[in-house]
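Hi,

Here is the structure I promised to pass on.

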Amino acid sequence: MPYAIRKAAVIGAGVMGAAIAAHLANVGIPSLLLDIVPADAKDRNIIARTGLEKTLKSKPASFYSKRGAQLVTIGNIEDDLPKLAEVDWIIEAVVERPDIKQSLYSKIEQVARPETIITSNTSGLPAHLLVEGRSENFRRHFMITHFFNPVRYMRLLELVPTADTDPALLPFMQQFGTETLGKGVVICKDTPNFIANRIGAYGFLSTIQRALDEGYTVSEVDTILGPNMGRPKSAVFRTADLSGLDTLMHVANNLYKNAPEDEQRATFQIPEVVQEIINRGWLGEKSGQGFYKRVKNADGSSTILELNFKTLEYEPQPKHRFDSIGKARNLETPEQKVSAVLNGEDRASHLARETTADALIYAANRAHEIADNIVDIDHAMCWGFNFDLGSFETWDVLLKDQALLDKVFAQRELPALVQQVRSQGDGTFYRTVEGQKQYFDYHTSTYQPVPTAQGVISLSALKASPSSTGSSSVVRDNGSASLIDLGDGIACLEFHTKMNSIDEGIVEMIHYAVEEGSKQFRALVIGNEAPDFSAGANLFLVLMGARQGAWDMLDGAITGLQQAHQLLKYSPIPVVAAPAGRALGGGCEMILHTHHTRALAESYIGLVEVGVGLIPGGGGCKEFLLRHGANAESQKPGKSSGPFTPARRAFEIIAVATVSTSATEAQELRFLRKTDAITVNRDVLLRDAKADAIKLADAKEAGTWQPVQPQMLLLPGAGARLVLEQQIEGMLLTGKISEHDAVIGNHLARVLTGGDCSPVTPVTEQYVLDLEREAFLSLCGTEKTQARIQSILQGGKTLRN
Ligand code: NAI
């Protein structure tokens with residue numbers, strides 16, 4: 001039967017349940033959030049209410065925008081159970097106790113509609129056990145949907161059907177999870193703790209055991225097994241503290257109990273010393289101490305101490321230096337880093353080799369049992385634990401280097417699956433054929449394409465392979481940017497500088513894309529595959545120019561950027577921006593000049609120039625004023641609240657370098673338009689942006705889209721500037737801002753209010769651009785601005801001088 005989810009219910013308003021309800025709200029799905037009624041409660045919804053309130057305050061934020069909370073209706077399972085008949089999907093996220101879950105299901109069964117989808121968020125209880133005693137229809141519509149914490153940010157969603165699950169439900173939930181919730185979906189077999197927590201728990205516990213046996217300290221392990229081994233900064237012990245040692249214990253106990261055949265079962269017995277700290281209630285972040293403890297110093301600063309396993313006292317963390325880690329730090333890719341650490345001769349390399357060998361052998365031996373293919377295992381590790389490389393991608397680092405393979409597995413036998421890929425495959429688990437990534441399918445010993453979401457556009461694959469016509473898809477490449485043919489008359493302007501900062505090459509490519517590209521293409525998409533759309537203008541060049549007093553060069557660079565942005569705005573073909581991650585400063589200015597934006601939900605957009613002592617100089621002030629209603633047309637009498645309102649609003653947002661925490665919030669701040677679109681899944685952002693571009697190109701051909709006509713702005717002039725300057729002065733006198741903040745603020749106020757213009761006579765765009773440029777250059781000349789830029793370039797820290 002066809003499924004659709006328009007409304008949901010989440011039962012259990014704890015850490016996970018409330019955050020799942022928040023994420024449903026993020027994607028526009030209303031939900032009921034129910035929990036139990038505590039004895040003698042005056043407020044029968046108190047638990048759900050508290051759960052929702054906590055989620056509203058959670059950091060990082062669970063909601064894209066706090067307004068999303070309006071889509072969550074709280075209630076309790078005693079009074080509101082009949083309301084479950086109104087929903088299409090019921091998600092159970094109550095405590096990890098099979099008896100409680102089962103008794104809840106028997107109640108749900110009595111009220112839910114027969115076709116309602118029912119899922120559990122259990123971390124590892126077997127699905128078939130949870131539905132024991134339920135009707136055939138219930139079992140048909142049941143599966144596990146295992147979200148990871150924090151729900152909004154962790155990409156992994158594990159789906160676990162049972163033998164009784166409707167075969168049509170799995171593809172539906174897979175599609176829904178990918179396209180609507182934006183998750184990386186992995187399908188798991190119904191085995192204890194599924195994929196990520198099975199392999200992950202083994203990795204954590206075997207590492208902890210080895211550290212204890214061989215005398216490695218907490219901070220030593222985290223230094224070794226962090227980013228230089230392709231792991232997150234929180235590495236092993238800090239990650240355990242973040243997830244909670246009690247959670248780790250539940251997962252381990254569940255495995256010990258339910259996986260009796262596992263040859264590594266003994267590893268799931270919690271080591272004595274870890275059990276002792278759990279008994280003491282040192283559960284990690286949530287109880288203020290675990291493997292680490294943060295303490296306040298007399299001067300108000302804080303220090304993070306580490307646990308000494310021998311004394312169970314907390315002590316200062318020494319700095320650890322290892323040659324192998326130092327070497328890896330300077331390398332680019334995770335493969336290179338992992339290889340450097342594993343190849344070393346020091347204590348760090350020894351631990352890395354032993355723990356890697358343990359984990360890789362375990363993954364290879366478990367693969368058949370827990371997953372249908374190696375890709376699901378790798379995805380689970382990368383999306384569930386933020387690893388750079390999955391287990392089999394790491395295997396490939398070794399399989400491509402016989403000497404390293406021998407070194408890591410010196411005393412150990414290679415698992416059967418590895419022998420299979422060596423004897424019956426090409427010797428590695430993955431290979432790339434004509435830009436297409438393929439994996440070794442262990443059922444057939446053949447290579448199959450790595451599955452991707454429908455219609456995914458891969459710029460790297462396009463660049464690696466010729467287009468359908470046989471010619472290259474790359475129309476032009478100048479080192480900083482490329483123009484790539486996406487097919488269907490759409491081109492993509494891709495940046496590929498460091499952090500995608502905007503330099504002369506990008507400016508040149510914008511000129512080419514609009515002036516030449518518009519002759520062969522119907523529309524242009526600006527997007528890339530990097531984590532961040534753009535970190536802004538290349539500050540290094542700005543600082544060099546300023547230090548050398550090369551004012552003509554700087555003036556030329558700013559003018560060039562302004563002109564490039566104006567070109568985009570007045571382009572004869574539609575231009576669609578496709579930001580993801582950070583789009584700051586110049587990156588934000590560029591978006592403001594396009595005709596439409598297709599943003600990733602996780603977009604952090606802002607005009608942050610004041611942080612480096614500048615103001616937006618590439619047309620950002622001008623466009624942001626227009627976004628807030630400064631267009632002379634909309635300023636006609638009776639149509640607006642006057643020319644001061646847009647200037648004041650823009651000032652409030654730019655003066656404190658506001659960055660949106662999501663695309664939804666970017667719309668509220670007006671960095672994005674209400675009509676701009678949002679995609680939740682990073683993999684399909686370019687696909688969706690291209691589809692939007694095609695629509696605009698069609699509209700152009702149908703005469704319903706026309707290039708932009710020059711705009712005039714009505715700005716309030718010097719009177720309004722005085723008002724803003726007084727506010728700035730007030731903040732300076734009360735110590736809220738520094739003197740240089742005030743200098744920058746005054747420049748910004750001057751630009752946004754239109755300098756000395758008349759409040760009744762509209763000004764041209766060029767007039768505002770000139771004000772921007774003047775203020776930008778003037779600030780570049782100040783020592784304090786130069787110091788701010790240098791601070792960002794050196795350490796990434798904002799200097800409040
Ligand atoms: P939690 O302890 O924060 O919340 C559980 C909630 O369930 C509590 O609000 C409790 O009042 C409620 N509850 C208990 N019995 C109930 C009943 N009969 N009806 C309605 N509500 C009831 O637990 P958390 O962490 O949110 O976990 C919930 C589920 O999600 C568990 O199955 C857990 O294994 C799983 N999970 C937890 C993750 C985590 O990191 N915390 C990650 C992924 C899954």
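Strands here are DSSP runs of E with at least two residues, helices are runs of H or I with at least four, and both are numbered from the N terminus. I call two strands paired if DSSP finds at least two bridges between them. Within this pair, D477 sits opposite S482 of β16.

Before I go on, a word on the model: it is predicted, local features need pLDDT of at least 70, side-chain atom pairs count only at pLDDT 80 or more, and totals for chains, interfaces and linings use all residues. Residues are numbered from 1 along each chain as its sequence is written, and side-chain values use heavy atoms, with hydrogens and water left out.

Back to the sheet. β15 and β16 belong to an open sheet of seven strands, ordered β15-β16-β17-β18-β19-β21-β23, with mixed pairing. β15 (474-477) and β23 (677-679) are the edge strands; each has a single partner, so one side of each has no neighbour in the sheet. From one strand to the next, the twist averages 20 degrees. Helix α20 (residues 504-515) packs on this sheet and touches β15, β16, β17 (490-495) and β18 (523-526), where contact means heavy atoms within 4.5 Å. The direction of α20 makes about 35 degrees with that of β16 (axes are lines fitted to C-alpha atoms, for helices over the stretch in contact, and angles run from 0 to 180 degrees between N-to-C directions).

There is also an open sheet of three strands, β9-β10-β11, with antiparallel pairing. In that sheet, L305 has P316 of β11 as its bridge partner.

Now the ligand. Of the 22 residues around the ligand, M16, D35, E96, K101 and S123 come nearest; a residue counts as near if one of its heavy atoms lies within 4 Å.

- a side-chain N or O atom of D35, 2.7 Å from a ligand oxygen
- a backbone N or O atom of V15, 3.0 Å from a ligand oxygen
- a polar backbone atom of V94, 3.2 Å from a ligand oxygen

Taken alone, the ligand exposes 830 Å², and the protein buries 80% of that (Shrake-Rupley areas, 1.4 Å probe).

Cheers

Notes:
Polar contact = N/O pair within 3.5 Å; in protein donor to acceptor, adjacent residues only side chain to side chain.
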